[in-house]
Amino acid sequence: MPTYSPSNLHFETGEGAYLFDKAGKKYLDFSSGIAVTSLGHNYPSLVEALKLAANKVWHVSNLHVIGGQKELADKLVGNCFADTVFFTNSGAESVECLIKIVRKHFNHKKYHNKYRIITIEGAFHGRTLATLSAGKQKKHLDGFGPELDGFDQVSFGDIDLLKAAINDQTAAILIEPIQGEGGIREMPEDYIYQIKELTEKNDLLLCFDEVQTGIGRTGSLFAHQAWNIKPDIVATAKGLGGGFPVGACLATESAASGMIPGSHGSTFGGNPLAMASANAVIDTILSKNFLNEVIQMGENLKFNLVNLKKKYPECITEVRGKGLMLGVKFNSPVSEIVSLLQENGLLTVPAGDNVMRLLPPLIINEAEIIQACKILDETISRWVS
Ligand code: PLP
C-alpha cells in the first residue's frame, strides 16, 4: 500500500555510521532509521549475538520459558525505576501496553470510571487506534474515526491548563520527555516537577513515552532519569534492538498490579532473536563510559550546530535537544534541506515544527561529527546563496 513515499535510495550494506547504496556511494547516517540503529550498522557483538541465537531456537511461545527474557528484564529493571516488564515488537505496542496497564490498574482497584489519560499537544505515540487517539494529531487520525474515548490533551508547557484538565476520571498523564516527531521539543524541567507533584496529589500514574528518547539516546538509559524522578510506567522500543524489532513496557509492581495471567499477551513479544539482540544492545549501552561518550559527542555536535546557527542566522532559528537527539529549526521548508543533505551524503530526518532531526548512532565519533557538520555547512551555504 502506498502509505509511504520513499526516496529512490536503496541501501545494500552498512558499517558503523555509514550506509552504502547499490552504486557504492557512501552516506553518513545521522538518522539511524529514525533512532533505531543505536549501535550503528553491522556492530560486531550485535551481529554475533543474533547469529548465535539464530543457530539455536527462532521461536517458542510465551507459554514456555524464552531464553534471554529474564536476563534482559533483570538488566532493564536493575537500571531504572521499574519492577516488571512486558516485551513487545514495536513502539506503538509498548504504548498500547502502557495504556492497558493504566486502565487495568484503576479497574483492579475498583475505580471503574478512572480511565482517562492526559497527553500533551504535539505528541506522537504511534499508529494503532489507541495510540493515535492518545496523540490526537488531526493529520494522522483523518479518516480513521471515531477516535477511541479516554484521552484528553492540553497545550505544551502550561501547568495551569494541565491542572484544570484533571477530573475524577483522570487516571494518568502521558509525556514524551522530548517530543521527537513533534520537532525535538524538550519538556521544561520545572514543568515536569510540577507534573510529578500533580500526579502524587491526585493519585494519577505518571507515564513516559520513551520509545524515541530511551535506550541511551539522550545520554542516560532513559531520558527521565536525568530529572531524578520516579515514573510509574515507561514505554520504550526503537533503539532497544539496534535494528531488530523489539519494545518493552516497564512498570512498578504497584502500577502493574492489575496485570495478571491472561490480561495481556503477544505471540512474538519477547522472541528469542529479539531478546538476543536487545541483550547485546543493553550490555553495550551499560558498559563503562558508553553513556558518558554519548553525552560528550552530543555536546560536541550541539556546539557545532550552534556555530552553524551563528553563521547562518537568517536560515537557522534554533538548535535544540539533548544527547544525540538534536534538532535544527529552519526558516525555509525543512524537507528541502533534508533532500539536499541526502544528495550530499548526509542522512537526517524531518520532524514537526519545521525541524531537522539529527539522530546519529550512539557510537558516533568526533571525526564523523566534523564530517557531518562540514556537509551541513557546505549544503546550507549553497542553499542560502
Ligand atoms: N512513541 C514515540 C515517542 C515515537 O517516536 C514512536 C515512533 O516514532 C512511536 C511511539 C511509535 O513507535 P513504532 O513506530 O515503533 O510503533
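Okay, some ground rules. The model is predicted, so local features need pLDDT of at least 70, and side-chain atom pairs count only at pLDDT 80 or more, while totals for chains, interfaces and linings use all residues. Residues are numbered from 1 along each chain as its sequence is written, and side-chain values use heavy atoms, with hydrogens and water left out.

Let's begin with the ligand. Which residues surround the ligand? They are Ser90, Gly91, Ala92, Phe124, His125, Gly126, Glu176, Glu181, Asp209, Val211, Gln212 and Lys238.

Now some distances. A side-chain N or O atom of Asp209 sits 2.7 Å from a nitrogen atom of the ligand. Gln212 also uses its side chain: an N or O atom there is 2.8 Å from a ligand oxygen. With Phe124 it's the backbone, where an N or O atom lies 3.4 Å from a ligand nitrogen. How much of the ligand does the protein bury? On its own the ligand exposes 390 Å², and the protein buries 81% of that. Those areas come from the Shrake-Rupley method with a 1.4 Å probe.

On to the backbone. Gly145 and Pro146 are joined by a cis peptide bond, with omega about 0°. Pro146 belongs to the loop between α6 (138-141) and β6 (151-154). The helices here are DSSP runs of H or I with at least four residues, strands are E runs of at least two, and both are numbered from the N terminus.

Two asparagines have positive phi without being glycine: Asn42, near 60°, and Asn289, about 75°. Where do they sit? Asn42 is in the loop between α1 (32-35) and α2 (44-54), and Asn289 is in the loop between α9 (272-285) and α10 (290-311). Asn42 is partly exposed, with a relative accessible area of 42%; buried means under 20%, exposed over 50%, and partly exposed in between, using a 1.4 Å probe and protein chains only. Asn289 is partly exposed too, at 47%.

Last stop: Glu378, in helix α12 (residues 366-384). Glu378 is partly exposed, at 37%.

Key:
Near = heavy atom within 4 Å. Polar contact = N/O pair within 3.5 Å; in protein donor to acceptor, adjacent residues only side chain to side chain.
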